[in-house]
Amino acid sequence: MSRVALVTGGTRGIGRAISIALRDAGYRVAANYAGNDDAARQFTEETGIPHFKWSVADYDACVEGAGKVEAELGPIDVLVNNAGITRDAMFHKMTPEQWKEVIDTNLSGIFNMTHPIWPGMRERKFGRVINISSINGQKGQAGQANYSAAKAGDLGFTKALAQEGARFGITVNAICPGYIATEMVKAVPENVLKERILPQIAVGRLGEPEEIARCVVFLAADDAGFITGSTISANGGQYFI
Ligand code: CAA
């Protein structure tokens with residue numbers, strides 16, 4: 001029986017590429033999403049991967065959503081915490097709502113989603129938790145005090161939980177994508193992207209979602225059990241850590 005993977009934010013952007021790559025690697029995949037029904041419907045039509053709607057910012061919804069996925073596909077072996085949002089603003093203009101929305105989704109979201117799935121992974125003595133953090137959690141980014149704080153928090157969470165999961169055969173790792181050609185990055189003002197960001201990327205281009213997906217497939221594998229608490233930086237040489 002093939003393993004089951006749940007990808008949050010799995011119908012668009014990097015998450016879409018992750019869902020497809022895991023399916024192609026033989027996993028039974030469930031793709032979660034929160035908002036865009038049309039995109040989710042189209043995703044399922046095109047890929048055959050089922051979609052499940054709930055917000056990772058809502059703990060009770062995560063408990064219910066994980067239960068639904070497990071009832072339909074079986075116990076979740078691989079959890080990819082990919083769902084994320086931006087609410088960019090220079091700090092002096094950032095509102096408490098912009099702070100809270102990003103923390104709730106990008107940081108609390110990985111607690112909310114991992115917590116209900118964790119006990120089953122412990123019982124079955126196998127699990128793969130893969131957290132999609134960001135280059136901006138590593139280096140910080142002007143205009144993203146909220147996002148950088150949340151994504152740095154995701155890395156602390158990863159390292160702490162890796163220590164707890166190790167004796168149960170559960171690995172917990174993070175991937176830090178750089179600037180990837182998705183709607184999220186395309187929302188950055190063109191002049192900022194061209195003048196400030198692209199010149200920092202050594203390979204001279206944005207990354208592709210598939211270039212992140214291949215890191216996920218690597219970490220999800222049964223024979224990746226010696227890799228835990230680690231961070232893969234996939235950023236085109238923009239930042240070395
Ligand atoms: N460092 C220092 N100062 C900066 C700066 C930087 N990187 N970028 C802008 N500034 C300065 C500007 O020079 C400007 O100064 P002056 O007023 O003295 O000219 C001031 O800050 C305000 O800048 P803007 O005119 O750009 O301000 P704005 O309010 O119109 O826009 C912003 C602010 C929305 C944050 C915009 O600058 C922006 O979108 N920046 C990009 C942020 C970014 O990289 N987001 C990543 C999104 S993708 C993602 O998050 C995925 C991932 O994981 C990588």
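**Figure 1. Ser134 and its contacts in the predicted model.** Beyond the residues within four places of it in sequence, Ser134 is in contact with Tyr147, Lys151, Ile175, Cys176 and Pro177. The structure shown here and in the other views is a predicted model. Ser134 sits in the loop that links strand S5 (127-132) to helix H5 (135-139). Its relative accessibility is 5%, so Ser134 counts as buried, the limit for that class being under 20%. The ligand is also part of this view: one of its oxygen atoms lies 2.7 Å from a polar side-chain atom of Ser134.

**Figure 2. The shell of residues around the ligand.** The ligand is surrounded by 20 residues. The closest of these are Asp88, Ser134, Gln144, Tyr147 and Tyr179. The side chain of Asp88 places an N or O atom 2.8 Å from a nitrogen atom of the ligand. An N or O atom in the side chain of Lys93 is found 2.9 Å from an oxygen atom of the ligand. How much of the ligand does the protein bury? On its own the ligand exposes 1,100 Å², and the protein buries 61% of that area. Helix H7 (183-186) and helix H8 (190-197) are the elements that give two or more residues to the shell. Of the elements, H8 gives the most, with three residues. By residue class, the shell consists of 10 nonpolar, seven polar and three charged residues.

**Figure 3. The protein as a whole, for orientation.** Nine helices and seven strands make up the secondary structure of the protein. With a radius of gyration of 17 Å, close to the 18 Å that the globule rule gives for 241 residues, the protein is therefore as compact as a globular protein of that length. Along the principal axes, its C-alpha atoms fill a box of roughly 50 × 40 × 35 Å. Buried residues account for 48% of the 241 in the protein. Among contacts with a separation of 6 or more, 70% are between residues 24 or more positions apart.

**Figure 4. Arg23 in helix H1.** Helix H1 (residues 13-24) contains Arg23. Is Arg23 buried or partly exposed? Its relative accessibility is 32%, so Arg23 counts as partly exposed. When residues up to four places away in sequence are set aside, Arg23 touches Val29, Thr47 and Ile49. With Thr47 there is a polar approach as well, as the side chain of Arg23 reaches the backbone oxygen of Thr47 at 2.8 Å. Ala149 gives a reference point elsewhere in the protein: Arg23 and Ala149 are separated by 126 residues in sequence and by 32 Å in space, C-alpha to C-alpha.

**Figure 5. Lys125 and its backbone angle.** Lys125 is placed in the loop between helix H4 (96-124) and S5. Although Lys125 is not a glycine, its phi is positive, at about 60°. Most residues other than glycine have a negative phi.

**Figure 6. Asn235 and the segment after strand S7.** Asn235 belongs to the segment that follows strand S7 (231-234). Which backbone atom of Gly237 does the side chain of Asn235 reach? The side chain of Asn235 reaches the backbone nitrogen of Gly237 at 2.9 Å. It also reaches the backbone oxygen of Tyr239, at 2.9 Å.

Figure 7. Ser230 lies in the loop between helix H9 (209-220) and S7. The side chains of Ser230 and Asn173 are joined by a polar contact of 2.8 Å. Apart from neighbours within four places in sequence, Ser230 is in contact with Thr158, Val172, Asn173 and Ala174. Its relative accessible area is 23%, so Ser230 is partly exposed. Ala220 is 10 residues from Ser230 along the chain, and 13 Å separates their C-alpha atoms.

Methods:
Residues are numbered from 1 along each chain as its sequence is written. This is a predicted model: local features need pLDDT of at least 70, side-chain atom pairs count only at pLDDT 80 or more; totals for chains, interfaces and linings use all residues. Side-chain values use heavy atoms; hydrogens and water are left out. A residue is near a molecule or strand if one of its heavy atoms lies within 4 Å of it. A polar contact is a pair of N or O atoms within 3.5 Å; within protein, one must be able to donate a hydrogen and the other to accept it, and residues adjacent in sequence count only if both atoms are side-chain atoms. Accessible areas come from the Shrake-Rupley method with a 1.4 Å probe; for residues, only the protein chains shown count as cover. Helices (H or I, at least four residues) and strands (E, at least two) are DSSP runs, numbered from the N terminus. Ala, Val, Leu, Ile, Met, Phe, Trp, Tyr, Cys and Pro count as nonpolar, Asp, Glu, Lys and Arg as charged, and the others, Gly among them, as polar. The radius of gyration is taken over C-alpha atoms; the globule rule is 2.2 Å times the number of residues to the power 0.38. Buried means under 20% relative accessible area, exposed over 50%, partly exposed in between (1.4 Å probe, protein chains only). Contact means heavy atoms within 4.5 Å.
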